[in-house]
Amino acid sequence: MTIQTPVALAPAQRALSVLGGDLTERSLRLHLEGLSGVDAVGLEQRAADLGTRSIKTSSKAWALDRIIELIDLTTLEGADTPGKVRSLVAKALTPDASDVTTPRVAAVCVYGDMVPYAVAALGSAHANGGPNGINVAAVATAFPSGRASLRVKLADTADAVAAGADEIDMVIDRGAFLSGRYGQVFDDIVAVKDACRRDNGTHAHLKVILETGELNTYDNVRRASWLAILAGGDFIKTSTGKVAPAATLPVTLLMLEVVRDWHRLTGEHIGVKPAGGIRTSKDAIKYLVTVAETAGEQWLTPSLFRFGASSLLNDVLLQRQKIKTGHYSGPDYVTID
Amino acid sequence: MTSFLEYAPAPESTAILNLKDSYGLFIDGEFVAGHGTPFATISPATEKHIATIANANAADVDTAVAAARRAYDKTWSKLSGADRGKYLFRIARLVQERARELAVAESLDNGKPIKESRDVDIPLVAAWFFYYAGWADKLDYAGLGAAPRALGVAAQVIPWNFPLLMLAWKIAPALAAGNTVVLKPAETTPLSALLFAEILQQAELPAGVVNILTGAGDTGQALVQHPDVNKVAFTGSTAVGRAIAKSVAGTGKKLTLELGGKAANIVFDDAPIDQAVEGIVNGIFFNQGHVCCAGSRLLVQENVHHEVVDRLKQRLSTLRMGDPLDKNTDIGAINSREQLDRIRELSDIGEAEGAERWTAECAIPENGFWFAPTIFDNVSTSSRIAREEIFGPVLSVLTFRTPAEAISKANNTPYGLSAGIWSDKGSKILAVADELKAGVIWANTFNRFDPASPFGGFKESGYGREGGRHGLAAYLTSTVLQGAAL
Amino acid sequence: MTHLAVPKTYKLYIGGKFPRSESGRTYEVVARDGSFLANAAKASRKDARDAVVAARAAQPGWAGATGYNRGQVLYRIAELLEGRRAQFVLEITSTEGVTAAAAGKQVDAAIDTWVWYAGWADKYVQVAGNANAVSGPYFNISVPEPTGIVAIVAPPDSLLGLVSVVAPAIVSGNTVVVIASETAPLSAISLAEVLATSDVPGGVINILTGSAAEIAPWLASHADVNALDLTGAESLEWVDLQIAAADTLKRVRTPGDFGASLDRIVGFTETKTVWHTKSLI
């Protein structure tokens, strides 16, 4: 074994405060490898257990509205067009035309080149990163594979931010992560975070997609979650939706445990976004329960928890209609985007 | 809405229950009146009356044992193993079909949360009958020689913590092996056994093969001491088990005892921490801690002691105590006032002996028997709460520095039923498991049960095993040559 | 010129040593025809206590030895016994008044008993244990382990009786305190001499001579004894012993024959079931 010259990492503030001043690839590695292991069976059992909570009546009504408010309504297709995006925005603005009390979603999530159309379609309803209205989230960094040079990824990010994106959903380099090049993954995130900076000094919010389906093990998910937070991610997000499995309850539970632990350690709140595969209200409610009983109820707010979903919204609307009318509704009574 | 976490009530309906006002003894296939003074069974969550229960006196015990003997001689011992198995399969299916009803009855009468009776107790009851049903015609393969013989009439006395599950643990292997049964459920939890008697009628199990006598300790005593029983199986306290062992000495009755415990749950510093915390919670707060194998002594490595205890307290704050029939209840009612008094007494002693008491904040319902989840930290090994079985939601926390110290502290008890080990290091887990004097060891899990898995203790936790191939040996006479000439 | 015989002093065998009884007592062992054979040590309750201490000290090491090793140790006893066959035949002939042929048969059977049980040392776990197919993501296995200390009342059949109860108890890793036949204790002490020169660690087998009726109750009630083998206790008040044993829930084997059987091994073991989670991720 040879002693290598320590490779200094980009001086991200969180990593500096937690890992200390000599921030190197080695200090990062030691930290990540020193994290407690995850027993998969126990984790999955706990998730299944949380999934058995029975959410009824007033709790269910509240949960359904809150789910809508937490949705990043998403279209990420090669076939996306300005028309499709306008339709998505219309759905985001008016999820259920038959009920004006229906809340709006948190954001629309699109590819970078679609950001101008989303911004235009939102008009005055564009939240611009604020609490009122709807945000525009853009996937970036050569989404979904992330297989491009850092230069391209940064350009991708800066482009979307310049076009008005309020939130950037970046992907990590899973290849680098799996081969142990944690420093590279870290530096990439720091660089992308920097590319989220606007001229006025504000940042687009950065969601870091771990693509947990490719990381494969829960131990990797825990390490990647810590890495993403240390590097400056505002949110950690499970998946692109392009790889199976996408979001699962156990993976989300694990990531919520990490943000809970980060909060215990630093007092800082990090967001979590499960994305892909959550299609029913019943499933989404299990996530709400898991958030509330793991990180805490204060996480059930759009700045700290999001669902990356498309078909989920209509299922929630059907459930809302059932509660309102007392009878079951059907797919023809909710609009498609 | 003030808080999402105050989930709206989600009560399981009791409409599924079709209870009678009073229940007789189940003898020879029929419900008959008992000759003792009937008693009431109540819901420990509300103290409300559920039903009036017959009380078997010595004469009733005679009648039941005679019925079991007749059924053994005339019917059950003449049946093929395959046919015995089919009856057990029928019972298993009927339990599945009536699962929700049984779960509601169990939670009502016992006080345990419906999510446990629904997801653990009753599914395991069905699984137990399925498992042993398959053994009935395969006894030649049980490792007890060719055509091992049934013992005859089995007297079985079971506790109140898992009423129907303990019934299944006792009856399923006994019948599979070809014995007939007289079983006494606990005084405070007779209901599900009586519903089970109805299931036996639906299954058309031959009369007398299973007899169920309700009553208190004197009924149980008369049963196990009855001269015409060949087998005694008891689950309950070590004190009663000891008395039974003495009373059957010299009688030739085969005896299995599943008694108390004071299990160590050992958490090493390399444990998967979040799962370990879940395992600690499940270990001691499952079924309100009314579990003989409960992980009531947390042995945590000193360098992670505060971390683990902090996380544990945070986790306990999310437990929901209350109506056992609410689907979101995590902690139900203590089974009886008597048990509640004992838990309170020992907890007060723990406090007086200097351990640091911490109790999760939760609203205590006005009626019924309740005890909030409680941790005692910095408990010394000599403290009574570290030695005696509390049988309630009370955890004693002790620390250790090395694996050897963990092992010696874990084994420093007259009990030896179960233990837990939490570590990410396989070689350490296996070596520690080797050294622990306990019949069931859970590594990176706790309180798992399966009909294929033998269960039972070392030392004063009893003898014999229930579950698996080993569980059959308790109900059969081996035909392996004894005294083979060399 | 004739050689004047040098008679042997028969003492107890505790912890690998040959002490006299702490009580200083002995009793006369006589031949079938009533003639004096030897003064054997008459063990007291304190000797029994010391024997339990020795057995407890030896137990973890003995149980911790590999099955292969324990098997060889037992086989080694057979080898040594074979080498001293003539001595045992003589002792049995004089004590029990049987023919040399009958005594020879008994010694051979005792040797074969050691050999038979020796072979079980690394196999009983396989036969008495098994993997359990539980319905969940768990590795689950049940294995028998030695119970701990077994107190034994040996049958009156001197050598073969003693070997038949001791060998199955120790092969799994138990240590024993055995009360030898009261009337025919000489071959028990001679066996102890074999053991002392064999590879059996001191304390694994502790042999007491004297009155079983006097000592057995102390062993039956001793809290640090885990099991009680009453195979040879037919003539004692053995039900009382069984009742005394119930105070600490000892495993008890009631009086009966002592033929070789796996059941004798498994009867003084505890089944331990270990669960462990299984997952690829």
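Accessible areas here come from the Shrake-Rupley method with a 1.4 Å probe, and for residues only the protein chains shown count as cover. On that basis, chain B has an accessible surface of about 16,100 Å², and carbon and sulfur atoms own 50% of it. Before going on, some ground rules: this is a predicted model, where local features need pLDDT of at least 70 and side-chain atom pairs count only at pLDDT 80 or more, while totals for chains, interfaces and linings use all residues. Residues are numbered from 1 along each chain as its sequence is written, chains are lettered from A and ligands numbered from 1 in the order in which they are written, and side-chain values use heavy atoms, with hydrogens and water left out.

Let's stay with chain B for a moment. For 486 residues a compact globule would come out near 23 Å, and chain B has 22 Å, so the two agree. Of those 486 residues, 65% are buried, where buried means under 20% relative accessible area, exposed means over 50%, and partly exposed is in between (1.4 Å probe, protein chains only). A contact means heavy atoms within 4.5 Å. Among chain B contacts between residues at least 6 apart in sequence, 75% join residues at least 24 apart. The chain's secondary structure comes to 15 helices and 20 strands; these are DSSP runs numbered from the N terminus, with helices (H or I) of at least four residues and strands (E) of at least two.

Now for the empty spaces. Rolling a probe the size of a water molecule over the atoms shows where empty space is left. The search runs on a 1 Å grid over the protein atoms alone: a cavity is a set of points where a 1.4 Å probe fits but cannot get out, a pocket is an open set with protein on both sides within 12 Å along at least five of seven lines, and lining residues have an atom within 4 Å of a point. Grid points are joined across faces, edges and corners, and a volume is the space filled by probe spheres set on the points.

The second largest pocket has a volume of about 1,200 Å³. Its lining takes in 45 residues, with B:Trp160, B:Gly236, B:Ser237, B:Val240 and B:Glu338 nearest the centre. Two or more lining residues each come from strand S4 (39–42), helix H7 (217–224), strand S10 (231–235), helix H8 (238–248) and helix H11 (337–352) of chain B. H8(B) gives the most, with 6 residues. By class, the lining of this pocket splits into 21 nonpolar, 17 polar and 7 charged.

The largest cavity holds about 90 Å³, and of its 15 lining residues, B:Arg297, B:Ala410, B:Ser418, B:Lys437 and B:Ala438 are closest to the centre. Helix H13 (403–411) and strand S17 (418–422) of chain B each supply at least two residues of that lining, which has 8 nonpolar, 4 polar and 3 charged residues.

B:Arg69 sits in helix H1 (residues 58–74) of chain B and is buried, with a relative accessible area of 17%. Leaving out residues up to four places away in sequence, B:Arg69 touches B:Gly152, B:Val153, B:Thr180, B:Asp228 and B:Asn230.

On to the backbone. Most residues other than glycine have a negative phi, and most peptide bonds are trans. In chain A, the bond from A:Phe143 to A:Pro144 is cis, with omega near 0°, and A:Pro144 lies in the loop between strand S3 (135–139) and helix H7 (150–162). A:Thr141 is in the loop between S3 and H7 of chain A; its phi is near 65°, a positive value, and at 0% relative accessibility A:Thr141 counts as buried. Another cis bond runs from A:Ala244 to A:Pro245, with omega near -5°.

Note on methods: Ala, Val, Leu, Ile, Met, Phe, Trp, Tyr, Cys and Pro count as nonpolar, Asp, Glu, Lys and Arg as charged, and the others, Gly among them, as polar. The radius of gyration is taken over C-alpha atoms; the globule rule is 2.2 Å times the number of residues to the power 0.38.
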